[in-house]
Amino acid sequence: MTPPSPGAVTAYLAEQFRSELELFRAALEQAPGDAFHTPRMGHSPAWHALHIAEWLRLMVLDDRTPTYHHLGWEDNARVQALGTQPAPVRETAPREQILAALIETGAQVVAWLEQAGDSALDGEVFSAATPSGTRPRRLALGMQLRHVGYHRGQLNLLLKSQA
């Protein structure tokens with residue numbers, strides 16, 4: 001078996017994130033009219049979009065800009081320690097603005113992965129849930145990829161409940 005070339009894992013992850021984010025956006029676009037901003041089964045599609053954008057920004061891009069409001073962990077001391085400035089995009093913003101924020105973050109994630117060598121996957125990233133406050137980056141990337149799929153499934157259930 002030939003060992004992977006430098007960047008083979010990151011290239012694979014870039015393609016997986018690109019694909020999953022396209023499917024996620026397609027699910028978001030199925031929300032008709034006001035349903036995009038209407039909480040059902042916990043949250044609105046708008047919240048799901050911002051939630052994924054924020055987690056990708058924090059755990060994949062390791063962006064510590066203190067503008068997190070849709071992580072779902074806002075009561076956590078580690079998240080609070082990041083600081084609180086106004087969200088760049090709020091859940092009540094127009095659909096186009098929310099989707100643009102998700103698309104931009106997704107493009108940054110894919111671009112970072114496409115340019116990174118596999119050694120960029122070493123190290124630790126923020127984690128609100130672990131005792132140390134960090135998580136291995138490789139593990140975090142896999143978790144975030146599955147996280148997008150999980151929320152895509154939630155959106156599909158939410159949309160079926162509105163039909």
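Residues are numbered from 1 along each chain as its sequence is written, and side-chain values use heavy atoms, with hydrogens and water left out. Because the model is predicted, local features need pLDDT of at least 70 and side-chain atom pairs count only at pLDDT 80 or more, while totals for chains, interfaces and linings use all residues.

The largest nonpolar core holds 32 residues; such a core is a set of buried Ala, Val, Leu, Ile, Met, Phe, Trp, Tyr and Cys residues joined through side-chain atoms within 4.5 Å. Buried means under 20% relative accessible area, exposed over 50%, and partly exposed in between (1.4 Å probe, protein chains only). Phe-17, Leu-28, Leu-56, Ile-98, Leu-102 and Leu-113 touch the most other members of this core. Two or more residues come from each of α1, α2, α4 (95–115) and α5 (137–162), helices being DSSP runs (H or I, at least four residues) numbered from the N terminus. A second, separate core of 11 residues includes Met-59, Leu-71, Ala-128 and Ala-140. Contacts of Phe-17 (heavy atoms within 4.5 Å), not counting residues up to four places away in sequence, include Leu-56, Val-109, Leu-141 and Gln-144.

Six salt bridges are present in the structure, each being a side-chain nitrogen of Lys or Arg within 4 Å of a carboxyl oxygen of Asp or Glu. One of them pairs Glu-114 with Arg-18 (2.3 Å, N to O). Glu-114 belongs to helix α4 and Arg-18 to helix α1, so this pair ties together parts that are 96 residues apart in sequence. Glu-114 is partly exposed at 48%, and Arg-18 is also partly exposed, at 27%.

Arg-152 and Glu-20 form another salt bridge (2.6 Å, N to O). Since Arg-152 lies in helix α5 and Glu-20 in helix α1, the pair ties together parts that are 132 residues apart in sequence. Arg-152 is partly exposed at 23%, whereas Glu-20 is buried at 12%.

Asp-63 and Arg-57 are likewise joined by a salt bridge (3.4 Å, N to O). Salt bridges that share partners also link Glu-15, Arg-18 and Glu-114 into one network. The charged end of Arg-57 sits over the ring of Tyr-68, 4.0 Å from its centre; the criterion is NZ of Lys or CZ of Arg within 6 Å of the ring centre and within 35 degrees of the ring normal.

Ser-44, in the loop between α1 and α2 (45–60), is buried at 0% relative accessibility. Its contacts, not counting residues up to four places away in sequence, are Phe-36, His-37, Thr-38, Pro-39 and Glu-91.
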